[in-house]
Amino acid sequence: MHLALHHRNRKSEFGFTLIEIMVSTVITMMIIGSVYAAFRSSLKVYQRDETKIIMLQRVRSSLDRMSRDVSNLFYIADDEEMVILSEDYSESGDEADVDQDMISFVAIVEPRLEEYYIAVEEGIDDLLEAGEDNPLPSTLARIMYYIGPNPDDETVQSLMRIQVSNLDTEELEDMLEELMGSSPSEEVQEELQSSVLVDYVGGLNIRYFDSEDWIDVWDMEEEEGIPNAVEITLTITDADTQEKTLTQAVVIYLPLSEPPTDEAALPAGGAGVPR
C-alpha cells in the first residue's frame with residue numbers, strides 16, 4: 001500500500017508522459033487544421049461572392065446606360081441622318097467565336113443644363129415672354145457602342161460609348177474607319193479617353209426584332225423603319241484573373257416603332273428586364 005502510493009506520487013511529479021503529449025499535440029493539430037480549413041473555405045466563398053457582385057454591378061450599370069440610350073432613340077422616316085447603323089462582328093476565341101457587335105443611332109440626350117442655369121440668372125419668365133426658345137431643350141446626338149481596346153491599355157477590351165453632336169452619316173463612317181484603324185488622330189484619341197463604359201468585356205451581341213424574328217443586323221432600307229425591340233447581351237470577365245465570366249441580357253422596346261399586329265410575335269422580356 002505504501003509502495004503503491006509512493007509510485008503514484010512520483011508519477012505526478014514527472015507530469016505528462018511523452019505519449020500523452022504526442023496524443024494531445026495531434027488532437028490540437030487536428031482541431032487547428034479543421035478550423036483553418038473551414039476558414040479558408042469561408043474565405044473562398046466570400047471572395048467568390050464578392051467578385052460576382054462586383055461583376056454584376058459592372059454589367060448591370062453598363063446595360064442600364066445602353067438601355068437608356070436605346071429607349072431614347074429618335075427616328076424620322078426618310079431622314080438619312082437618322083439611320084441605324086449596325087455590324088455583326090465576331091472574333092475567334094479559344095473555344096468559340098466572341099461577339100463584338102456595333103450599333104449606332106440618333107438619340108435624345110441630356111438637356112443643356114448650362115444654358116438653363118444661364119437662363120435662371122437672366123430670368124426665365126422674361127425670356128419666354130420675349131418669345132425665346134425653351135431654355136431647357138433636349139438635344140439630339142449620335143450614339144455609338146462597340147468593343148475596342150482601352151486607350152490606356154490596349155491589352156484590355158472595353159465597351160466604348162461615343163457621343164457626337166454631328167449627325168452626318170458620311171463623317172461618322174470616316175470616324176468609324178479611323179477608330180478601327182491602328183493610328184487614330186489626337187482628336188479621336190481624346191474622344192476615346194472619355195468613352196470607356198466598362199473594361200474587361202468578353203463579348204457584345206445585339207439582335208433586332210422585326211415583329212416576327214430576331215435578326216443579327218438591321219438594314220433600314222430593307223426593313224423600311226426601325227426595329228420593334230433591341231436585345232443586348234453583354235459578357236464581362238473578372239478584372240483580376242480574366243477567367244470568370246458573367247453574361248446578362250436586356251430587351252428594350254422602341255416607343256417610336258410600330259407595334260406588332262400579332263400578339264404572339266411579341267418578344268419575351270421587356271424594357272430594362274434582364275433575360
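Colleague: How many salt bridges does the count come to?

Modeller: The count comes to four salt bridges, where a salt bridge is a side-chain nitrogen of Lys or Arg within 4 Å of a carboxyl oxygen of Asp or Glu. Before we go on, this is a predicted model, with local features needing pLDDT of at least 70 and side-chain atom pairs counted only at pLDDT 80 or more, while totals for chains, interfaces and linings use all residues. Residues are numbered from 1 along each chain as its sequence is written, and side-chain values use heavy atoms, with hydrogens and water left out.

Colleague: Good to know. What does Arg-60 form a salt bridge with?

Modeller: Arg-60 forms one with Asp-64, and their closest N and O atoms are 3.6 Å apart. The two are four residues apart in helix α2 (residues 18–71), which means about one helical turn separates them. Helices here are DSSP runs of H or I with at least four residues, strands are runs of E with at least two, and both are numbered from the N terminus.

Colleague: Is Arg-60 buried or exposed?

Modeller: Arg-60 counts as buried, at 17% relative accessibility, whereas Asp-64 is partly exposed at 39%. Buried means under 20% relative accessible area, exposed means over 50%, and partly exposed is in between (1.4 Å probe, protein chains only).

Colleague: And which side chain meets Arg-161 in a salt bridge?

Modeller: That is Asp-69, at 2.8 Å from N to O. This pair links distant parts of the chain, as Arg-161 sits in strand β6 (residues 153–164) and Asp-69 in helix α2, 92 residues apart. Arg-161 is buried, with a relative accessible area of 11%, and Asp-69 is buried too, at 6%.

Colleague: What else does Asp-69 meet in a salt bridge?

Modeller: Arg-65, with 3.8 Å from N to O. Through shared partners, Arg-65, Asp-69 and Arg-161 are joined into one network.

Colleague: Switching topic: how many aromatic pairs are there?

Modeller: Two. Rings of Phe, Tyr and Trp (its six-membered ring) pair if their centres lie within 6.5 Å, and planes under 30 degrees apart count as stacked, over 60 as edge-to-face and the rest as tilted. Tyr-208 and Trp-218 make a tilted pair, 6.3 Å centre to centre with 45 degrees between the planes, and both residues are buried.

Colleague: And which residue pairs with Phe-209?

Modeller: Trp-214, in a tilted pair with 5.1 Å between centres and 50 degrees between planes. Phe-209 is buried at 3% relative accessible area, while Trp-214 is partly exposed at 24%.
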